[in-house]
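Dear colleague,

I am passing on the structure we spoke about, and below it you will find notes on what came out of it. Please read them with the coordinates open beside you.

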Amino acid sequence: MAATEIARQAGEGARAVPLAGHVGFDSMPDQLVNKSVNHGFCFNILCVGETGLGKSTLMDTLFNTKFEGEPTQHNQPGVQLKSNTYELQESNVRLKLTVVNTVGFGDQINKEDSYKSIVEFIDTQFEAYLQEELKIKRTLHSYHDTRIHACLYFIAPTGHSLKSLDLVTMKKLDSKVNIVPIIAKSDAISKSELTKFKIKITSELVSNGVQIYQFPTDDETVAEINSTMNGHLPFAVVGSTEEVKIGNKMVKARQYPWGTVQVENENHCDFVKLREMLIRVNMEDLREQTHTRHYELYRRCKLEEMGFKDTDPDCKPFSLQETYEAKRNEFMGELQKKEEEMRQMFVQRVKEKEAELKEAEKELHEKFDRLKKLHQDEKKKLEDKKKSLDDELNGFKQKKTAAELLQSQAQQAGGSTTLKRDKERKN
Amino acid sequence: MTCTLSHPAQQKLLEGYVGFANLPNQVYRKSVKRGFEFTLMVVGESGLGKSTLINSLFLTDLYSPEYPGPSHRIKKTVQVEQCKVLVKEGGVQLLLTIVDTPGFGDAVDNSNCWQPVIDHIDSKFEDYLNSESRVNRRQMPDNRVHCCLYFIAPSGHGLKPLDIEFMKRLHEKVNIVPLIAKADTMTPEECQQFKKQIMREITEHKIKIYEFPETDDEEENKVVKKIKDRLPLAVVGSNTIIVVNEKRVRGRQYPWGVAEVENGEHCDFTILRNMLIRTHMQDLKDVTNNVHYENYRSRKLAAVTYNGVDNNKNKGPMTKPDTSEGMSPLAQMEEERREHVAKMKKMEMEMEQVFEMKVKEKIQKLRDSEQELQRRHEQMKKNLEAQHKELEEKRRQHEEEKNTWESQQRLLEQQKLDASRTLEKNKKKKIF
């Protein structure tokens with residue numbers, strides 16, 4: 001038997017000893033399996049593809065049940081993700097299946113941002129898990145894992161090549177999720193066209209550096225079947241929930257005037273291969289890859305972003321405590337600095353405003369000083385006028401008095417003259 | 001966020017074959033490929049047959065002449081020693097680590113002899129925590145102690161103070177499985193009494209020994225109940241094979257007979273082996289991971305964040321997380337940051353308010369004084385204007401008066417002139 005990981009890890013530290021009888025720890029895998037069966041399994045699939053490619057139908061066909069949802073219209077303003085969770089049971093195995101659909105993918109005129117909501121969704125699930133993992137009191141073993149384990153990418157059956165939207169989207173997703181590209185509605189392509197189409201797609205993916213999910217070939221029990229299937233990628237599938245009578249059996253099929261496409265007939269399409277690979281053989285591997293590869297990558301990037309390192313400049317490993325403490329000190333320093341800045345800003349404002357108001361006050365005083373001066377001038381003018389008038393009046397008065405005096409004198413004289421005249425007359 | 005999640009999950013019935021019933025097989029396959037690891041710690045005074053029991057349990061000479069067991073070495077202080085072996089059975093590989101504690105309880109003064117044990121367990125937790133917290137994580141080896149077999153000397157009376165002290169200090173760090181060693185020195189009745197006494201004392205001192213989990217399976221529950229009734233298990237170990245009734249068995253040969261290790265009527269060894277290895281090994285690991293390790297971790301991390309709450313209060317395992325304690329230190333910092341932002345906003349608002357108020361006051365004062373000055377100015381202006389008018393009036397009057405007088409004067413003058421002219425005329429007339 002090939003060396004196990006544990007054996008490799010043990011390395012020189014452990015010696016192999018023979019057992020003299022049956023100890024019984026070969027039941028460990030069974031113990032583990034029993035526990036996980038009791039706990040239940042969970043699997044999350046994301047279906048990405050343009051509206052109308054048969055995503056919901058394929059899900060129904062794959063899981064042999066009718067999931068929710070009405071067909072969506074083409075007039076969505078942006079790409080939305082709708083997720084539904086179902087509890088399924090097959091024999092004694094309970095599966096919590098979450099199916100996430102992209103609604104409105106490929107319908108917009110400008111599709112530059114189409115991939116963004118998908119990437120955001122995937123990242124959000126990673127983030128939720130990361131947050132749970134970082135909590136002080138956490139309950140990881142009962143956490144409902146919402147991370148996407150497999151992404152079925154639906155390729156339109158044009159028969160020619162991948163659309164640029166497909167390439168762009170898959171490139172953005174290949175480091176975040178296990179991508180399983182499938183050719184949808186493949187009953188629209190003839191067999192010869194299909195082979196060419198598959199080759200074209202594969203070569204385009206390779207030349208653009210898109211990493212799709214490869215079925216694992218390191219476990220000898222399944223290595224052979226997996227590597228064969230890897231050669232059939234991408235799977236060309238047909239989905240149908242309607243049944244048609246073929247011979248004396250009811251099978252899932254699509255009926256055309258020229259014949260019937262049987263979903264589970266391996267000559268007609270790769271549906272059975274998809275089901276085998278996705279569910280029966282590699283479901284657990286998909287989950288494991290998501291956890292150990294994609295999630296770890298996300299986590300590493302996120303932690304590095306936040307400034308965490310594994311070793312300090314002297315290459316001594318940080319202990320968790322030191323890291324957190326360092327972070328915390330940095331953080332507190334930041335907060336204090338912010339507070340100081342705000343205070344300073346306020347002091348500045350107050351100073352400025354004070355200066356402003358002082359200016360205003362000064363202006364006001366100046367204004368009124370000016371007015372006062374004007375007023376003084378006016379007053380003075382008035383005084384002068386008054387004075388001149390008074391002078392005039394006085395002058396006039398004097399004149400008058402003088403004149404009157406003269407008059408009275410004259411009158412007296414005149415009176416005496418008149419008197420004299422009168423006297424003369426009388427004489 | 002452009003996503004809608006719908007909870008809770010809806011039950012759906014399958015109308016045909018899907019294939020995920022094969023998941024358990026996939027899990028089985030992967031686990032075998034990965035291999036298993038288990039760390040077992042044995043604690044007890046020397047001479048209680050610990051090494052022999054380990055050899056009997058794992059049907060191997062873990063301690064052999066080449067690798068002598070700790071009991072053969074004289075120890076002055078309590079040591080903690082690890083021994084790693086790789087064993088394989090039925091395609092399943094197990095990395096078994098046996099942790100021995102030679103010197104435990106052997107000194108005259110045994111105070112704190114449990115400390116090295118606690119330190120060892122904690123250091124394993126610490127290692128795991130550090131490797132779990134690295135930025136670049138690889139496969140993490142699980143060297144944590146999954147089970148601790150505590151050997152009780154078969155005195156027949158009860159627990160010794162050391163036993164109680166040790167178990168009290170370790171029951172929240174590791175799964176403790178107490179065993180009565182060298183059970184072949186007691187008769188079944190004595191054993192029964194002893195067991196009852198021990199369990200009484202364990203309950204009395206609120207010691208939490210490893211508990212077997214309840215299952216939904218009726219059968220399993222019956223088995224579990226049987227085990228529970230026989231706790232603590234009384235065991236016998238042996239390195240020698242003896243032939244009994246043409247069968248080769250492990251046992252201890254006495255003049256009066258053979259005490260068979262694997263005979264259920266002689267001792268509880270088989271029960272121990274079944275429980276420890278065949279049925280509950282995985283559960284021991286899970287409880288270590290989900291309960292003991294999580295306790296350690298939350299205590300360790302809580303000590304890093306200072307939020308005024310006594311984080312070292314032992315709330316015990318798996319309690320519902322408090323809103324502040326349920327967060328990671330980073331999330332707590334985020335929370336604090338938010339609080340700080342709110343506080344600053346408030347402060348800013350307050351300062352702003354005060355500022356505004358003061359400015360308003362000042363402006364108001366300015367306005368008031370402006371108004372006052374304006375008013376006074378107006379007043380003075382009015383005053384002046386009034387005086388002006390008065391003056392004008394006076395002047396006008398004066399003018400009028402003057403004009404009147406002047407015209408009067410002129411009249412008078414004229415009259416005078418006329419009069420003098422007439423006189424002159426008369427005079428002239430008279431002469432002639």
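In strand β3 of chain B, B:Val85 is the bridge partner of A:Arg15, and B:Leu86 in that strand is the bridge partner of A:Ala16. These belong to the 2 bridges by which strand β1 (residues 15-16) of chain A and strand β3 (residues 81-89) of chain B are joined, running parallel; strands are DSSP runs (E, at least two residues), helices are runs of H or I of at least four residues, and both are numbered from the N terminus, while two strands pair if DSSP finds at least two bridges between them.

This is a predicted model, in which local features need pLDDT of at least 70 and side-chain atom pairs count only at pLDDT 80 or more, whereas totals for chains, interfaces and linings use all residues. Residues are numbered from 1 along each chain as its sequence is written, chains are lettered from A and ligands numbered from 1 in the order in which they are written, and side-chain values use heavy atoms, with hydrogens and water left out.

The open sheet has 7 strands in the order β1(A)-β3(B)-β4(B)-β2(B)-β5(B)-β6(B)-β7(B), with mixed pairing. Because β1 of chain A and β7 (233-234) of chain B stand at the edges with a single partner strand each, one side of each is left without a neighbour in the sheet.

Turning to the interface, 137 residues of chain B are in contact with 138 residues of chain A, contact meaning heavy atoms within 4.5 Å. The two chains bury about 13700 Å² between them, 61% of it on carbon and sulfur atoms; buried area is the accessible area (1.4 Å probe) that two parts lose on being put together, summed over both. The count between chain B and chain A is 16 salt bridges, each a side-chain nitrogen of Lys or Arg within 4 Å of a carboxyl oxygen of Asp or Glu. B:Arg137 forms a salt bridge with A:Glu296, where the closest N and O atoms are 2.6 Å apart. Helix α9 (residues 329-431) of chain B supplies 43 residues, the largest share of the side of chain B that touches chain A.

Within chain A, strand β8 (residues 243-246) and strand β9 (residues 249-256) pair in the antiparallel sense over 4 bridges, and A:Val244 has A:Val251 as its bridge partner in β9. These strands form a hairpin with 2 residues between them, and A:Gly247 in the turn has a positive phi of about 70 degrees.

With best wishes
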